[in-house]
Amino acid sequence: AEQAAALQLKQSELDKVASELGETREGLASARALLDSQTEHGAKMEQERRTLEVEYRSYKEHHGSSNAQQMEAITELKLTVDNLSRQVESKTQEVVVKETQSEAQTAYIDSLRQKLLDAEAQRRALHNAVQELKGNIRVFCRLRPPPADELSAIQPVDVGQLRVSHGAETYDFNFDKVFRPDTTQQAVFAEVDGLVQSALDGYKVCIFAYGQTGSGKTHTMQGSNDPDSWGLIPRSLRKILRESESMRRDGWAWTLRASFLEVYNEQLRDLLYGEAGDPPKLTIMHDDAWGTVVNNVSTYEVTSMEQINLLMAKAAKQRAVGYTDMNAASSRSHSIFALYLTGVNEALGSELHGALHLVDLAGSERLDRSGATGERLKETQSINK
């Protein structure tokens, strides 16, 4: 709770510093515009003074006379030149003052920019300290509603505990959290919302669903087309798109690239490959910026949920599914949606690289109950390894 309060305080300080920086930038822009105007005016007056001096010297050389009218005109010219000289001197002093003020404001903006950078770094550190306190590795359990005519052998006991009944015996299991059968998709996402934010902060995040075939893994990860029933994948991507767009106001420019893979019978398959001919060989390798990656996989830059939905629909058509005695549309492969995030803030001189991996594992099955034979048997053996 203290970490969360400190995080909220730092966020408020960050917003205040960002607001001050914006106001100071506006003031500096106005001061610079006034400085340019005064400088231009001073240059014009200096030019007028020089012109009058030239005219005066020319007049004196060619029309030197004791005529009273000529002497009066010369006197007026001298007065005009003196006035212009004083004005030029005054404007020059104003220019010096404005330049000094401009330098001071520039220094102040630099200090605000540094404060903003420090505050943002502290916010990221505090946020991810909270995530670490919750646990870098967390295990949740979501209970699927039982059929209407059956009693469930699994009952939630507490927020992080459930009880399994087997005959006359009961067994208790502990988790970081247990989601009851009536838990909404939004409530499930709320538990991993902070991890998604960590990806925007430059961390590598992985969320995956594991369980028996038909237990609701794909529903939890992908959900349906109705936004209220969206699973973790579309909700995570919607949050990242919204947050990255919001951060543009603070000078951040984000590039998001997506890929979709499956592991089928121990082989990697690119679900977004759309070229003619055989796809290139996929290999797992290490990357300094992104950690563990798959080489030669298709990646697409995404800027909207519409683009992401099209990619997911394309991948769903190519994913391996099949009929077994336990599930008429059982996922026969592990699917991995990967989003790579690059954020650059030139004003702060900062660059972030985050990654979000969302994994829907294939449904595990007992061979004797799945009724799998032939190719389905091979699939089940690969899934259960």
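User: Why is Asn-296 called partly exposed?

Analyst: This is a predicted model, in which local features need pLDDT of at least 70 and side-chain atom pairs count only at pLDDT 80 or more, while totals for chains, interfaces and linings use all residues. Residues are numbered from 1 along each chain as its sequence is written, and side-chain values use heavy atoms, with hydrogens and water left out. Buried means under 20% relative accessible area, exposed means over 50%, and partly exposed lies in between (1.4 Å probe, protein chains only). Asn-296 has a relative accessible area of 41%, and therefore counts as partly exposed. Asn-296 is placed in the loop between β10 (291-295) and β11 (300-301). Helices (H or I, at least four residues) and strands (E, at least two) are DSSP runs, numbered from the N terminus.

User: What makes the phi of Asn-296 worth noting?

Analyst: Most residues other than glycine have a negative phi. Asn-296 is not a glycine, yet its phi is positive, near 70°. Glu-266 also has a positive phi, of about 70°, without being a glycine. Glu-266 lies in the loop between β7 and β8 (267-270), and Glu-266 is called partly exposed because its relative accessibility is 48%.

User: Why is Ser-259 called buried?

Analyst: Ser-259 has a relative accessible area of 2%, so it counts as buried. Ser-259 is located in strand β7. Its contacts (heavy atoms within 4.5 Å) include Leu-272, Val-297, Phe-337 and Tyr-340, where residues up to four places away in sequence are not counted.

User: How do you know that Cys-141 is buried, and what is Cys-206 called?

Analyst: Cys-141 has 16% relative accessibility and therefore counts as buried. Cys-206, at 47%, counts as partly exposed. A disulfide is a pair of cysteine sulfur atoms within 2.5 Å, and the structure holds 0 disulfides.

User: What makes β2 and β4 edge strands?

Analyst: The strands form an open sheet in the order β2-β3-β4, with antiparallel pairing. Strands β2 (154-158) and β4 each pair on one side only. Two strands pair if DSSP finds at least two bridges between them. Strand β2 is joined to β3 (residues 161-166) by 4 bridges, so these strands meet the requirement of at least two. Asp-158 has Gln-161 in β3 as its bridge partner.

User: Where is Phe-173 found, and why is Phe-173 called partly exposed?

Analyst: Phe-173 is found in strand β4 (residues 169-174). Its relative accessibility is 42%, and so Phe-173 counts as partly exposed. Phe-173 touches Gly-160, Gln-161, Leu-162 and Val-164, leaving aside residues up to four places away in sequence.

User: How do you know that the length of helix α5 is close to the expected span?

Analyst: The expected span of a helix is 1.5 Å times one less than its number of residues. Helix α5 (residues 232-246) has 15 residues and reaches 21 Å from its first C-alpha to its last, close to the expected 21 Å. Among the buried residues of α5 are Leu-237, Ile-240 and Leu-241.

User: What makes a set of residues a nonpolar core, and which members of the largest one touch the most others?

Analyst: A nonpolar core is a set of buried Ala, Val, Leu, Ile, Met, Phe, Trp, Tyr and Cys residues joined through side-chain atoms within 4.5 Å. The largest has 38 residues, of which Ile-240, Ile-308, Phe-337, Leu-339 and Leu-341 touch the most other members. The elements giving two or more residues to this core include α3 (185-200), α5 and β14 (334-345). Helix α3 gives the most, with 7 residues.
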